[in-house]
Amino acid sequence: MEALGFSQADGTLLRSAFEGLQGMRSENLTAVCNGGRDELPLVSIVAHYDSVATSPGARDNAAAVGILLEIARVLGREAALPCEIRMVFLGSEENGYHGAKAYVQSLTDQDRARHIAAFNMDISAASPADAAEPVIFILGGQLPDGRYADAEFLPACTNSVADAAAQAWAAAHGEALPIFVYGESDHVRFHEAELEAVNLCMRRLEDGLPRLPESYHQMHDLPEELDYDGAAQLGACILDAIALLCAPTEVGGTESRSGT
């Protein structure tokens, strides 16, 4: 990250220690793009860097870390987007989403008020053998009256972040991404804080339901198996979705908050 121009000295690169499972110490690493401008809406893009002892963790979750590194390279410290973007490499996901919890708890009241979207990536790459496709996981969002509710109570189970991601994918690939009400990753902690979030991931659809790849947490979750072009497409989708959210246009039938 320092080679990309981010620096702990000027606050564009932040190391934050926290206490995770059974008091064990872990760290989050945050790179900040367009920082120091509190009038801008805030977007978080996150990926956890830990794995489990039973797996090399290429799908879960090294590939997503690679996507996040590439997003950081593309954006740099300053980007032509009207928002602040925090790219967060999260620790301690596998044993309870502790890194995401620590990051969300670190947000000030002002940060939360201007936070418009969190894009989580977890198992965001696959191999052809997985027969997987990109999907959106969501847990909640804003109702028309401003109240936050669980996704199962929302029309079509969507929020503005899911709508933007689905539309961005459709613009590039001709069809919108399917949206499911599922947790299983760090977007859970944003949902608990009533912040709109999605998990962009790869799943095999079986009888209309998303299934984990057979390599999940196994020793054969290896990097040489993966389709990196497909992973890059998810990263591009996130940047396109952020542009949609920050534009003064309608997203999913309702005007985005940053455009009001």
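**A buried histidine**

His48 has a relative accessible area of 0%, so this residue counts as buried. The model is a predicted one. His48 sits in strand E3. Its side chain makes two kinds of link worth looking at: polar contacts and plain contacts.

Take the polar contacts. The side chain of His48 reaches the side chain of Asp50 at 2.9 Å. The side chain of His48 also makes a polar contact with the side chain of Glu93, at 3.2 Å.

Now the wider surroundings. Setting aside residues up to four places away in sequence, His48 touches Asp60, Asn61, Val65, Leu90, Glu93, Glu94, Met121, Asp122 and Asp186. Most residues other than glycine have a negative phi, and most peptide bonds are trans. The peptide bond from Asp60 to Asn61 is cis, with omega near 20°. Asn61 belongs to helix H1, which spans residues 58-75.

**From E3 into the sheet**

Which strand does E3 pair with in parallel, over 6 bridges? The partner of E3, residues 42-48, is E5.

Strand E10, residues 197-206, runs parallel to E5, and 4 bridges join the two. Here Phe119 stands opposite Val198 in E10.

How many of the 7 residues of E5 are buried? The count is 7 of the 7 for this strand, residues 115-121, so E5 is largely enclosed by the rest of the structure.

**The nonpolar cores**

In soluble globular proteins, nonpolar side chains tend to be buried together. This model has such a grouping. Its largest nonpolar core has 52 residues. The residues with the most contacts inside that core are Ile45, Ile85, Met87, Phe119, Met121, Leu200 and Ile242.

Leaving aside neighbours within four places in sequence, Ile242 is in contact with Val43, Ile45, Leu81, Cys83, Ile85 and Phe119. A second, separate core has 12 residues, including Leu90, Ala100, Leu107 and Phe190.

A disulfide is a covalent bond between the sulfur atoms of two cysteines. How many disulfides does the chain have? The count comes to 0. Cys33 is in no disulfide, and the nearest cysteine sulfur, that of Cys83, is 7.5 Å away. Cys33 is at 0% relative accessibility, so this residue counts as buried.

Cys246 is in no disulfide either; the nearest cysteine sulfur is again that of Cys83, at 3.5 Å. The cut-off is a sulfur pair within 2.5 Å. Cys246 has 8% relative accessibility and therefore counts as buried.

**Loops**

Is Glu196 buried or exposed? Glu196 is buried, because its relative accessible area is 3%. The residue lies in the loop between helix H5 (187-192) and E10. A polar atom of the Glu196 side chain lies 2.8 Å from the backbone nitrogen of Gln142.

Two other loop residues have a positive phi. Gln22, not a glycine, has a phi of about 55°. Gln22 is in the loop between strand E1 (13-19) and strand E2 (25-33). At 72% relative accessibility, Gln22 counts as exposed. His217, also not a glycine, has phi near 60°. His217 is in the loop between strand E11 (209-211) and helix H6 (228-246). With a relative accessible area of 18%, His217 counts as buried.

**The whole chain**

The chain holds 6 helices and 13 strands. Its radius of gyration is 17 Å, close to the 18 Å that the globule rule gives for 260 residues, so the chain is as compact as a globular protein of that length. Along the principal axes, the C-alpha atoms fill a box of roughly 45 × 45 × 35 Å.

Of the 260 residues, 52% count as buried. Among contacts with a separation of 6 or more, 75% join residues 24 or more positions apart.

Note on methods: Residues numbered from 1 in each chain as written. Predicted model: local features only at pLDDT ≥ 70, side-chain atom pairs only at ≥ 80, totals over all residues. Heavy atoms only, no water. Buried < 20%, exposed > 50% of the residue type's maximum accessible area, 1.4 Å probe, protein only. Pairing = 2+ DSSP bridges. Core = buried A, V, L, I, M, F, W, Y, C linked by side-chain atoms within 4.5 Å. Contact = heavy atoms within 4.5 Å. Polar contact = N/O pair within 3.5 Å; in protein donor to acceptor, adjacent residues only side chain to side chain. Rg over C-alpha atoms; globule rule 2.2 N^0.38 Å.
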